[in-house]
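Subject: Structure handover, with notes

Hello,

I am passing on the structure below, and my notes come after it. Please read them with the coordinates open.

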Amino acid sequence: MNYWLMKSEPTEFSIDDLAARPDRREPWDGVRNYQARNFMRDAMRVGDLAFFYHSNCEPPGIVGIVRIASEARPDPTAFDPRDKHYDPKSDPDDPRWWLVEVEFVEKFGRPVTLAALKSRPELADMQLVKRGNRLSVMPVEPRHWDIIRKMAYEGA
DNA sequence: GCCAACGTTGGC
DNA sequence: GCCAACGTTGGC
């Protein structure tokens with residue numbers, strides 16, 4: 001079982017949007033970064049858990065937990081010329097971009113903000129808090145996962 | 001293969 | 001809105 005962190009801008013797709021889906025599931029489409037794609041396509045397994053991170057908002061931070069609910073499959077938005085994430089270089093016979101489905105698990109009572117994460121010396125080696133990090137899908141070390149969950153439940 | 005130009009991410 | 005950091009593109 002692996003742990004992950006997945007970013008989304010809440011104005012695009014928020015954890016409340018996910019919770020409001022009838023089946024509480026959603027394809028995590030639109031990822032257009034090779035490293036992030038590789039994590040989804042090659043390393044994620046059904047049942048893995050991921051932090052849902054709100055980026056580009058006030059405040060940025062982890063707002064809850066989702067479960068990986070499907071194996072990876074080609075991202076159909078790459079093939080749709082009307083889609084904002086259309087990529088003419090993604091060939092349906094050899095797809096360039098992939099997605100997994102995520103399923104709502106829980107929303108924290110209050111977010112664990114990026115500022116709070118940065119204030120913890122034990123989290124200093126997390127990929128997320130490192131300077132210049134732009135990766136939208138990344139692994140989370142189990143020890144970091146445990147610390148952050150405690151922060152969420154303590155309201156820290 | 002190098003690298004400058006460009007576009008995007010995302011915190012602040 | 002600004003801009004640093006980073007990834008991608010394309011000329012050479």
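The notes go from the overall fold to the DNA contacts, then to one helix and a few single residues.

Conventions

This is a predicted model, in which local features need pLDDT of at least 70 and side-chain atom pairs count only at pLDDT 80 or more, while totals for chains, interfaces and linings use all residues. Residues are numbered from 1 along each chain as its sequence is written, chains are lettered from A and ligands numbered from 1 in the order in which they are written, and side-chain values use heavy atoms, with hydrogens and water left out.

Overall fold

Chain A contains four helices and eight strands (DSSP runs numbered from the N terminus, helices being H or I with at least four residues and strands E with at least two). Read from the N terminus, their order is β-α-β-α-β-β-β-β-β-α-β-α. The radius of gyration of chain A is 15 Å, close to the 15 Å from the globule rule for 156 residues, so the chain is as compact as a globular protein of that length. That radius is taken over C-alpha atoms, and the rule is 2.2 Å times the number of residues to the power 0.38. The C-alpha trace of chain A spans about 45 × 35 × 30 Å along its principal axes.

Of the 156 residues in chain A, 44% are buried (under 20% relative accessible area; exposed is over 50% and partly exposed in between, with a 1.4 Å probe and protein chains only). Among contacts in chain A with a separation of 6 or more, 72% are between residues 24 or more positions apart; a contact means heavy atoms within 4.5 Å.

DNA strand B

Lys-7, Tyr-53, Ser-55, Asn-56, Pro-60, Leu-114, Lys-118 and Arg-134 are the residues around DNA strand B (near means that a heavy atom of the residue lies within 4 Å). By type they divide into three nonpolar, two polar and three charged. Here Ala, Val, Leu, Ile, Met, Phe, Trp, Tyr, Cys and Pro count as nonpolar, Asp, Glu, Lys and Arg as charged, and the others, Gly among them, as polar. Sugar or phosphate supplies 75% of the atoms of DNA strand B within 4 Å of the protein, and bases supply the rest.

Polar contacts are pairs of N or O atoms within 3.5 Å; within protein, one must be able to donate a hydrogen and the other to accept it, and residues adjacent in sequence count only if both atoms are side-chain atoms. For DNA strand B they include these:
- An N or O atom in the side chain of Lys-7 is 2.9 Å from a phosphate oxygen.
- A polar backbone atom of Asn-56 is 2.9 Å from a phosphate oxygen.
- A polar backbone atom of Arg-134 is 2.9 Å from a phosphate oxygen.

DNA strand C

Around DNA strand C are Tyr-34, Lys-89, Arg-131, Gly-132 and Arg-134. Of the atoms of DNA strand C that come within 4 Å of the protein, 63% belong to sugar and phosphate. The nearby residues divide into one nonpolar, one polar and three charged.

The backbone nitrogen of Lys-89 is in turn 2.9 Å from a polar side-chain atom of Asp-87. Asp-87 sits in the loop between strand E5 (73-74) and E6, and is buried, with a relative accessible area of 12%. Leaving out residues up to four places away in sequence, Asp-87 touches Arg-32, Ala-78, Arg-96 and Trp-97.

Helix H2

In helix H2 (residues 34-43), the buried residues are Ala-36, Arg-37, Phe-39 and Met-40. They cover an arc of only 160 degrees around the axis, which puts them on the same side of H2; the arc is that of the directions from the helix axis to the C-beta atoms. Their cover includes strands E1 (3-8), E6 (98-99) and E8 (137-140). At the start of H2, a side-chain oxygen of Asn-33 comes to within 3.0 Å of the backbone nitrogen of Gln-35.

Asp-42 also belongs to H2 and is partly exposed, at 41% relative accessibility. Its side chain makes a polar contact of 2.9 Å with that of Arg-41.

Strand E7

Thr-113 is in strand E7 (residues 101-113). A polar atom of its side chain lies 3.0 Å from the backbone nitrogen of Ala-116.

Regards
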